[in-house]
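Good morning, and thank you for making time on the agenda. I would ask you to keep the sequence and the structure in view while I speak.

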Amino acid sequence: MARYYLAEQVALEHASSLDYAQEFLFNALNIGEAMLISGAEVSRVEDSVRRICMAYGAEKVDVFTITSAIVVTVYSPMFGAVTQTRRITSTKYDLFKLSRLNALSRRICEEMPLFEVVENELEEIRTKTPQYSFAVMLGTYALISASFTLFFGGQWLDAAASAVIGIFLKYMESVSRYLELPANVAAVLWSFAGGCLALLFVSAGFGCSAEKISIGNIMLLIPGMLLTNSIRDIFNGDTLSALLGFCNAFLLAALIAFGFALPTLIW
C-alpha cells in the first residue's frame, strides 16, 4: 500500500510538472508566433522563445523557426522532454507591436509573471495596439503612389492618377484580408486591377504614361520587409529561412509584375 501511494505521488508530481512545462511552452510559442507575424526575423524569434523557456526552468531548449513554422523542444529532469509546434499561415507587419512584444519577452525573463498575466498582456498587445485609421492609410497609399510616380519620371497628371489607384488598392487589400485570400492570389488581383486602371486613365486622358502610373502603385506591393529579413537571415546563418524568405519574396514580386503587365498584353 505504501509503495502504491508513493508511486501515485510521483505520478501526480510528474503530471503537474508536465502541465507546467506545456503551459509555459504554449505561452512562449504564442509570443514567438506574434513576433513572427509582426515582422520579426527568425533569429529574434528563436532567441526570445529560448530565453522565455529558460527563465521558466527549462535546462535545454531547441528552437527551429522558419517563415511558416516554429518547433520548440524543452527538456528538464523535472518534466522530461516536451515538444510543441506552431504553424504560421499569415503575416501582418507591425513594428510597433513587435517592439511591445520584445518588451514583454524581456519582462518575462526578468520577473517570471504568472501565466494568466502573460496571457492578458499578450491579448492586450494583439487587440489594443494603436493602429492608424483607415482614412490615414488611404492618404498614405495615395502619397506613396504619387511620390514614386514622380520620382521615376512621371508627370503630375500621372501622379494624380497613381494616387487614385493607390486608394483603390488599399480598399482591395482590406477586402482580400476580410475574405482571407492567399497572399499570392491577392497580389495578382491587386496588380491586375491596378494595371487595368492605369491603362483606363491614360485612355481617358487622365494621365500620360501607364508605365509611370503603374510603377508608383507597384511600390506599394513590393515585399520589401520579407526580402530584408531574408538577407538578414543569411548573415545570421539561418540559411534555410533565408532561402524560403527570398524565394517567397521573388515569387511574390514576379506575380506582381505579371499582374501589372497582363492588362498591357491583353490591351
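Let me begin with a convention: helices (H or I, at least four residues) and strands (E, at least two) are DSSP runs, numbered from the N terminus. On that basis, the chain contains 10 helices and 3 strands. Their order along the sequence is α-α-β-β-β-α-α-α-α-α-α-α-α.

Two remarks on provenance. The model is predicted, so local features need pLDDT of at least 70 and side-chain atom pairs count only at pLDDT 80 or more, while totals for chains, interfaces and linings use all residues. Residues are numbered from 1 along each chain as its sequence is written, and side-chain values use heavy atoms, with hydrogens and water left out.

I turn to overall dimensions. The radius of gyration, taken over C-alpha atoms, is compared with a globule rule of 2.2 Å times the number of residues to the power 0.38. A compact globule of 267 residues would come out near 18 Å, whereas this chain has 24 Å. Along the principal axes, the C-alpha atoms fill a box of roughly 95 × 35 × 30 Å.

Next, the surface. Accessible areas come from the Shrake-Rupley method with a 1.4 Å probe, and for residues only the protein chains shown count as cover. The chain exposes about 14,800 Å² of accessible surface, and 65% of this belongs to carbon and sulfur atoms. Buried means under 20% relative accessible area, exposed means over 50%, and partly exposed lies in between (1.4 Å probe, protein chains only). By that criterion, 41% of the 267 residues are buried.

As for contacts, the term means heavy atoms within 4.5 Å. Of the contacts in the chain with a separation of 6 or more, 67% are between residues 24 or more positions apart.

Now to the charged pairs. Side chains of opposite charge can pair when their charged atoms come close. The criterion for a salt bridge here is a side-chain nitrogen of Lys or Arg within 4 Å of a carboxyl oxygen of Asp or Glu.

Glu173 and Lys170 form a salt bridge at 3.5 Å, N to O. The two lie 3 residues apart in H6, about one turn of the helix, and both are buried. Glu173 also meets Arg177 in a salt bridge, at 3.6 Å, N to O. Why are Arg177 and Glu173 separated by about one helical turn? They are 4 residues apart in helix H6, and therefore about one turn lies between them. Glu173 has a relative accessible area of 12% and so is buried, while Arg177, at 44%, is partly exposed.

There is also a network of salt bridges that links Glu41, Arg44 and Arg232.

Let me move to a nonpolar feature. Patches are made of residues with over 30% relative accessible area and no salt bridge; like charges are joined within 9 Å, and nonpolar side chains (Val, Leu, Ile, Met, Phe, Trp, Tyr) within 5 Å. A nonpolar patch on the surface is formed by Val175, Tyr178, Leu179, Leu181, Val185 and Leu189, with about 590 Å² of accessible area together. Helix H6 (156-179) and helix H7 (183-203) are the elements that give it two or more residues. H6 supplies the largest share of the patch, 3 residues. Val185 is placed in helix H7, and its relative accessibility of 40% makes it partly exposed.

Which residue does the side chain of Thr149 meet in a polar contact? The partner is the side chain of Ser162, at 3.1 Å. A polar contact is a pair of N or O atoms within 3.5 Å; within protein, one must be able to donate a hydrogen and the other to accept it, and residues adjacent in sequence count only if both atoms are side-chain atoms. Thr149 lies in helix H5 (residues 134-151) and is buried, with a relative accessible area of 0%. Beyond four places in sequence, the residues that Thr149 touches include Asp158, Ala159, Lys212 and Ile213.
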